[in-house]
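Trainee: Can we walk through this one together? I'd like to go topic by topic.

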Amino acid sequence: MTSTNGHSEKNGVAKSTWTTKAGLAQMLKGGVIMDVVTPEQAKIAEEAGACAVMALERVPADIRAQGGVARMSDPDLIRGIMEAVSIPVMAKARIGHFVEAQVLEALGADYIDESEVLTPADEQYHIEKQAFNVPFVCGARDLGEALRRIGEGAAMIRSKGEPGTGNIVEAVRHLRAITSQIRRLSVAPPEELMAIAKELGAPYELVREVAKNGKLPVVLFCAGGVATPADAALVMQLGAEGVFVGSGIFKSGDPARRGKAIVEAVTHFRDAGIIAEVSRGLGEPMSGLEIGKLPKEALMAGRGW
Amino acid sequence: MTTIGVLALQGAFIEHVHALERLGVAAREVRLPRDLDGLDGLIMPGGESTTIGKLMVHYDLDEPIRTRAQAGFPIWGTCAGMILLAKDIGGLRQPLIGVMDIIVERNAFGRQLDSFEADLDIPAIGAEPFRTIFIRAPLIHAVQGDVVVLATLTDGRIVAARQGNLLATSFHPELTDDDRLHRYFVDAFVAPFQARNTALTAA
């Protein structure tokens, strides 16, 4: 991946290059990015060990419960959260809403999540992300979707899951889809790659790159349904390089404690003894939803393509 | 066999592991105190220094790392790792190893939009400039004691330094395929430490 929006100055100094964009995601690996709706929550998240926070107006569980159009957050809220913590602050823009993204860039957000959690602004096109100096993270349900977003300029991918449900089943489905398709590519002979690119609906060059390296060209996190330390360790063992937790922390009985426990479970994701220890006495997890009982129009993962 | 540990609590540790392996050096991910046993050096990677610091304290890694650092054990901190090495980070309250006489300013260049790359001269590793990658990077505001400055930006701000067995860089050599700084750490820090230990054992 050589694409970059970097602008060069003298002495070879270049800002907002592909390496700095994808590189920030590399620094977030092995960590937990927590949804927060107030500066106070952001501080709790930082104290719990979050490697970044996602600033938004309502967590997915509330968006789901309250309905209506979900949009980019109030700039004052994002600024307030940026001032409250020293860790990176991400913020969400609606799918296809490039002006919300421009506003978030103007505010100085560290990463923009073009997110299906918000109500899509464009059902045909995603944001052309190469044009921005700020890096983007996007959701994906399978490898084709991930590579389409990377083709548009996303510097980080998260499996979508089903946000605001506290149910890990969709996250597992999407993560497994991505990793198994990568495995298939890594053993495919070169003559099959164009046919696979066609089948995935993915850019050929990116398909070739994945086949060669056996991994995505950007960092892969998991999102959408993580509610417990064991959920977080599960997706890490399935190949996620880090975890987004949306409603799972601040919709639980003891956010500070649960947040810290999930952070520790992500670090020690192969150590069942530690996961057992940190899972003790966490209080009530967020109440979960069964995906099959949700009406089709209530599902968020299907937003975007 | 030389084995170098890479603190693997959070952040870009696997990139360091791969760089070490390219040099033919064994790398071990360090998450618990027992992982430190028998190491010839340690790299503390980039990531979030607050996250790494908290996990370090909670899993009792800070004290054994500090004790080793004070006894001459080679440690290299990149970005967040450099923050952890510093004795002074301008009064911010967060867990540190705190063994190197440098004053470090976190997020010294600003937010992600100010992250950048640049070609830098680092005479200690050769004449060829090194492509340095700064991501929400810290800066060495000042050095004290016997700290030696290894690299500065063109405006004179310090971005790499050493003090005896300790090496600190603001930027991310592990994100490039230029392994000269990893080689430098192995040759100029780890090898002398091993030679000293061998001499001590023989004596």
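Mentor: Start with the largest pocket: H1(B) gives the most to its lining, with 5 residues. Helices (H or I, at least four residues) and strands (E, at least two) are DSSP runs, numbered from the N terminus. One caution: this is a predicted model, where local features need pLDDT of at least 70, side-chain atom pairs count only at pLDDT 80 or more, and totals for chains, interfaces and linings use all residues. Residues are numbered from 1 along each chain as written, chains are lettered from A and ligands numbered from 1 in the order written, and side-chain values use heavy atoms, without hydrogens and water.

Trainee: Which other elements supply at least two residues of that lining?

Mentor: From chain A, helix H1 (18-28), helix H9 (204-213), helix H10 (229-237) and helix H12 (255-267) do, together with helix H1 (13-22) of chain B.

Trainee: How much space lies in the largest pocket, and what lies nearest its centre?

Mentor: About 1300 Å³. The lining has 38 residues, and Gln26(A), Lys29(A), Lys215(A), Ile14(B) and Glu15(B) lie nearest the centre. The search runs on a 1 Å grid over the protein atoms alone: a pocket is an open set of points with protein on both sides within 12 Å along at least five of seven lines, a cavity is a set where a 1.4 Å probe fits but cannot get out, and lining residues have an atom within 4 Å of a point. Grid points are joined across faces, edges and corners, and a volume is the space filled by probe spheres set on the points.

Trainee: How does the lining of the largest pocket divide?

Mentor: Into 17 nonpolar, 10 polar and 11 charged residues. Ala, Val, Leu, Ile, Met, Phe, Trp, Tyr, Cys and Pro count as nonpolar, Asp, Glu, Lys and Arg as charged, and the others, Gly among them, as polar.

Trainee: On to cavities. How many of 30 Å³ or more does the structure hold?

Mentor: There are 5. The largest cavity has a volume of about 190 Å³. Its lining counts 22 residues, with Pro60(A), Pro163(A), Ala223(A), Gly224(A) and Gly246(A) closest to the centre. Strand S10 (243-245) and helix H11 (247-250) of chain A are the elements that give two or more residues to that lining.

Trainee: New topic: rings. How many aromatic pairs are there over all chains?

Mentor: The structure holds 11. One is Phe109(B) with Phe116(B), edge-to-face, 5.1 Å centre to centre and 70° between the planes. Rings of Phe, Tyr and Trp (its six-membered ring) pair if their centres lie within 6.5 Å; planes under 30 degrees apart count as stacked, over 60 as edge-to-face and the rest as tilted.

Trainee: Are those two buried or exposed?

Mentor: Phe109(B) is buried at 17% relative accessible area, and Phe116(B) is buried at 7%. Buried means under 20%, exposed over 50%, partly exposed in between (1.4 Å probe, protein chains only). Ring pairs also link both to Phe130(B), Phe134(B) and Phe171(B) in a cluster.

Trainee: Which charges lie over a ring face?

Mentor: Arg149(A) lies over Trp305(A), 4.6 Å from the ring centre. Arg162(B) lies over Phe189(B), at 3.9 Å. The test is NZ of Lys or CZ of Arg within 6 Å of the ring centre and within 35 degrees of the ring normal.

Trainee: Backbone next. Where does Ser16(A) sit, and what is its phi?

Mentor: Ser16(A) is in the loop between strand S2 (14-15) and H1 of chain A. Its phi is positive, about 50°, although it is not a glycine. Most residues other than glycine have a negative phi. Ser16(A) counts as buried, at 3% relative accessibility.

Trainee: What about Asp60(B)?

Mentor: Asp60(B) has a positive phi too, about 55°. Asp60(B) lies in the loop between helix H2 (49-58) and helix H3 (62-70) of chain B, and is exposed at 51%.
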